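Notebook open, structure viewer loaded.

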Amino acid sequence: MSFRARHLLGVEPLAPDEIVTLLDLAESYVSLNRRTVKHGDALDGLTQINLFFEASTRTQSSFELAGKRLGADVMNMAVAQSSVKKGETLIDTALTLNAMHPDLLVVRHPESGAVNLLAEKVNCAVINAGDGRHEHPTQALLDALTIRRAKGRLHRLTIAICGDIAHSRVARSNLILLGKMENRVRLVGPATLMPSGVAELGCEVFEDMRAGLDEADVVMMLRLQKERMDGGFIPSEREYYHRWGLDAEKLALAKPDAIVMHPGPMNRGVEIDGTIADDINRSVIQDQVEMGVAVRMAAMDLLARNLRAERGARAAGDVYV
Ligand code: NCD
């Protein structure tokens, strides 16, 4: 099996063949999820803990459903952010949870790198459900599956990622994954919302949205992450919508069959016009949600196989020692 990872902390360490393995398996879960009886047994007997240090609706429910459909015992833990030193809280929580013998730990945290740190302290497989501005691997994988189904391929496409790139882990994971699969990635948005060192990312950068959307196959809109801004990033929401909001006129510059994506939650009328978001001929936003459950089932299935193999090898080793 060509999926070797022990944790899913980001798309950065994944090889193209591992990405394809995961997406192919996710396809089979899309079919399962469309049946009336949606049960698989890949996670039977395993314990999955969803540990969210940051609010989430769709990602957390998606992971919960994915685990339940594959037979895991799923527990949700929402951890309120307190003023306690974050590092300490994180490690304490990790050690407490580790003592409960979870097999899969799904973690979201506002600090970049926090999930990697936690993975070093526990004995189970860890999945990053979004850490600060760093990575959100299952989002990029579900976006990849959505694109592959809509376009029939996941290479040689022109993909415009638009808006608040600087604060977005979704943008970061997507540009890494889409680059690995040999697509042309464009970053479109105001200079104030571009990450520092953007020139080294290997993407084309556009401040002018119309030029950035020209002949694009995929238009990926991002939410303005106001909670990560400390003021001064955009002129006003009205002005922002006028220049970088996706409306029918700007979308007309992309290819006639270009698809529109958004990871949610959307600010309608700020980064995207509500009518476009709801247009089932252009928008694949609901497909992204559907693919999310399937991709998370596939990710947890693959990690659980590696975990069982590792534990099996260790147990077999014990016998001969
Ligand atoms: C994204 C996230 O949390 O990074 N949302 C999500 O996972 N559904 C994007 C966002 O919050 O804008």
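How many Å lie between a polar side-chain atom of Arg169 and an oxygen atom of the ligand? I looked it up, keeping in mind that this is a predicted model: the distance is 2.8 Å.

Next I checked other side chains. Arg223 puts a polar side-chain atom 2.7 Å from a ligand oxygen. For Gln225, a side-chain N or O atom sits 2.9 Å from an oxygen of the ligand. The ligand taken alone exposes 320 Å², and the protein buries 94% of that.

I then listed the residues around the ligand, which include Arg58, Thr59, His136, Val170 and Gly264. The ligand takes up the space of the largest pocket. Two elements give two or more residues each to the shell around the ligand: helix H2 (58-69) and helix H6 (169-180).

I stayed with H6. Its 12 residues reach 17 Å from first C-alpha to last, close to the expected 16 Å. Is H6 mostly buried or exposed? I found 9 of its 12 residues buried, so H6 is largely enclosed by the rest of the structure. Among the buried ones are Arg169 and Val170, and both are also on my list of residues around the ligand.

Last, I looked at the two ends of H6. At the start, a side-chain oxygen of Ser168 comes to within 3.2 Å of the backbone nitrogen of Val170. Just after the helix, Glu182 has a positive phi of about 65°.

Key:
Residues numbered from 1 in each chain as written. Predicted model: local features only at pLDDT ≥ 70, side-chain atom pairs only at ≥ 80, totals over all residues. Heavy atoms only, no water. Near = heavy atom within 4 Å. Polar contact = N/O pair within 3.5 Å; in protein donor to acceptor, adjacent residues only side chain to side chain. Areas by Shrake-Rupley, 256 points an atom, 1.4 Å probe, with all protein chains shown as cover. 1 Å grid on protein atoms, 1.4 Å probe; cavity = no way out; pocket = protein on both sides within 12 Å on 5 of 7 lines; lining within 4 Å. Sits in = over half its atoms within 2 Å of the grid points. Helix = DSSP H or I, 4+ residues; strand = E, 2+ residues; numbered from the N terminus. Expected span 1.5 Å × (residues − 1). Buried < 20%, exposed > 50% of the residue type's maximum accessible area, 1.4 Å probe, protein only.
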